[in-house]
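This report describes one protein model for a reader who has not seen it before. The sequence and structure come first, and the description follows.

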Amino acid sequence: MMIGGKIQEMEDDVTVEEYLRKEVADWDDEVKCVARFKAFSGQRSDWESLYVFWRDLILKVARHLRIFIIRPSQVKMWFNRGGLVPLCLDQVLLEMYAAGELLRNLGVADPASGWVSQMLWRVVNLGGLLRPSTQEKLAEDYYIIPVLLKEKALQVVQALSESHWTASCVTTWRKFQEISGGLKEAHAVLNHLCEHGKAKYLVTNKKDLMEGVKVSLSERALSGTTSLDFDVLHLISTVEKLEHQLNVIDQRWKRSRASALASLKLGNKQVALKCSREMKLASLSREKCTALLNRVEEVLGVIADAEASKEVAEAIRIGTEAIKENGINYDEVELCLQELNECIESQKQIDDILGANAAGAEIEDEDIEDELKQLELNFVEVPTQTSSGVDAVVAGTQETADALSDSLSNLHLTHHARKDPKAKHAVESMGASSKDVSREAVLS
């Protein structure tokens with residue numbers, strides 16, 4: 001494990017070195033490097049900007065490495081330039097710790113411990129009893145970055161939401177560690193979620209010790225745990241054990257098969273038969289294990305469906321109460337839904353029409369030019385007399401309209417006047433004469 005950890009740290013250092021060159025344009029500038037790597041001196045106003053630079057860079061690198069728990073020695077290795085380490089780095093980490101931007105891992109209450117222990121750790125942490133004075137440097141320990149811890153907690157909840165469609169879910173502690181990225185990370189994430197009422201630690205001792213976590217996947221906080229949560233935890237733990245057993249059986253079957261093939265090549269039929277028998281037993285065990293696994297998963301599916309149906313029924317109940325409280329009857333709700341459907345259908349029709357017009361609008365420029373040329377030819381072929389005839393029609397129509405307007409202005413009619421048959425006849429005669437004039441103008 002130690003060798004693997006060293007290799008991982010070396011790979012992280014290479015990754016950080018490449019990242020720094022991309023993130024800080026003048027990272028290799030020797031003059032600016034000397035200015036950045038010097039120790040803080042003078043008043044805070046003298047080195048405030050340099051502190052902000054290193055603080056933001058530490059957060060960026062940690063986010064780039066997808067970690068939220070760091071050690072001072074690890075941070076120093078990030079910015080090591082040929083054996084030169086920033087002299088101000090200890091002061092930067094200390095200032096971050098004093099400002100609450102770093103949280104010591106010992107100051108995080110373990111959700112798996114008793115409530116008395118959790119309260120004690122909170123009192124100690126809030127009282128500042130674990131914080132060093134401003135004259136000291138941070139101890140070589142693990143420290144949590146709260147901002148990145150919050151981001152990691154959201155990622156864990158999102159990962160669980162992808163495989164669950166209910167408002168909350170129960171998962172095993174092993175699975176929670178895997179999603180969180182490790183044991184220390186899982187404790188920190190669980191503590192953060194518990195403080196915000198979004199998770200609860202589960203443990204049961206029916207036969208074997210089983211640990212799990214219940215997480216809220218919605219905006220609401222968890223109301224509490226029930227006996228069903230522990231039953232679900234037991235079933236999920238059984239599924240994980242069966243899946244692990246299947247992997248063991250598969251590995252055993254592969255080894256037996258390889259031994260059987262090797263024995264046949266060597267001509268040792270007795271050993272080959274023994275390996276074949278082991279393969280047969282492994283296949284039978286796998287069938288039984290698979291059948292049991294399918295059964296347990298079926299039960300979990302039934303429970304999940306029941307929980308989803310319960311949430312739907314609860315939503316319907318809340319909606320019904322809201323309708324009653326606001327004095328809305330079901331006919332109004334039905335009418336609103338009908339109007340909404342009609343609006344949706346109308347919008348679909350508009351979209352279809354716009355889509356058809358857009359499709360019809362895709363006309364080639366050559367077709368437009370040909371059409372324009374055809375119109376120009378037709379315009380040239382029309383005789384010039386046509387334009388004079390049109391002018392005569394327009395002039396005659398204008399004269400008729402003026403005469404009609406003058407005649408109507410001479411009629412002094414009021415709203416309560418009786419209808420005069422002679423006036424009506426005169427108007428009709430005038431309209432007939434205007435029509436005859438217009439017809440004669442057109443024919444001329």
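The model is predicted: local features need pLDDT of at least 70, side-chain atom pairs count only at pLDDT 80 or more, and totals for chains, interfaces and linings use all residues. Residues are numbered from 1 along each chain as its sequence is written, and side-chain values use heavy atoms, with hydrogens and water left out.

Arg174 forms a salt bridge with Glu240, and the closest N and O atoms are 3.2 Å apart. A salt bridge is a side-chain nitrogen of Lys or Arg within 4 Å of a carboxyl oxygen of Asp or Glu. Arg174 lies in helix 8 and Glu240 in helix 10 (residues 227–266), so the pair ties together parts that are 66 residues apart in sequence. Glu240 is buried, at a relative accessible area of 18%. Helices (H or I, at least four residues) and strands (E, at least two) are DSSP runs numbered from the N terminus.

## Helix 8 against helix 9

Two packed helices are described by the angle between their axes and the distance between the axes. For helix 8 (residues 173–180) and helix 9 (residues 183–195), the axes come within 8 Å and cross at roughly 100 degrees. Axes are lines fitted to C-alpha atoms, for helices over the stretch in contact, and angles run from 0 to 180 degrees between N-to-C directions. Helix 8 and helix 9 are therefore roughly perpendicular to each other; angles under 35 degrees count as roughly parallel, over 145 as roughly antiparallel, 65 to 115 as roughly perpendicular and the rest as oblique.

On the helix 8 side, Trp173, Phe176, Gln177 and Ser180 take part in the contacts. Their counterparts in helix 9 include Leu183, Ala186, Val189 and Leu193. Contact means heavy atoms within 4.5 Å.

## Other salt bridges

The structure holds 19 salt bridges. One of them joins the side chains of Lys60 and Glu23, at 3.1 Å from N to O. Lys60 is in helix 3 (residues 44–64) and Glu23 in helix 1 (residues 2–23), so this pair ties together parts 37 residues apart in sequence. Lys60 is partly exposed at 35% relative accessibility, and Glu23 is partly exposed at 34%.

Arg295 and Glu298 form a salt bridge at 3.5 Å, N to O. Both residues lie in helix 11 (residues 269–325), three residues apart, which is about one turn of the helix. Arg295 is partly exposed at 48%, and Glu298 is partly exposed at 47%. Elsewhere, salt bridges that share partners join Glu17, Arg21, Asp28, Glu30 and Arg81 into one network.

## Lys200 in strand 5

Lys200 belongs to strand 5 (residues 199–204) and is partly exposed, with a relative accessible area of 30%. Val213 is 13 residues from Lys200 along the chain, and their C-alpha atoms are separated by 5.7 Å. Leaving out residues up to four places away in sequence, Lys200 touches Cys194, Gly212, Val213, Lys214, Leu222, Gly224 and Thr225.

Technical notes: Buried means under 20% relative accessible area, exposed over 50%, partly exposed in between (1.4 Å probe, protein chains only).
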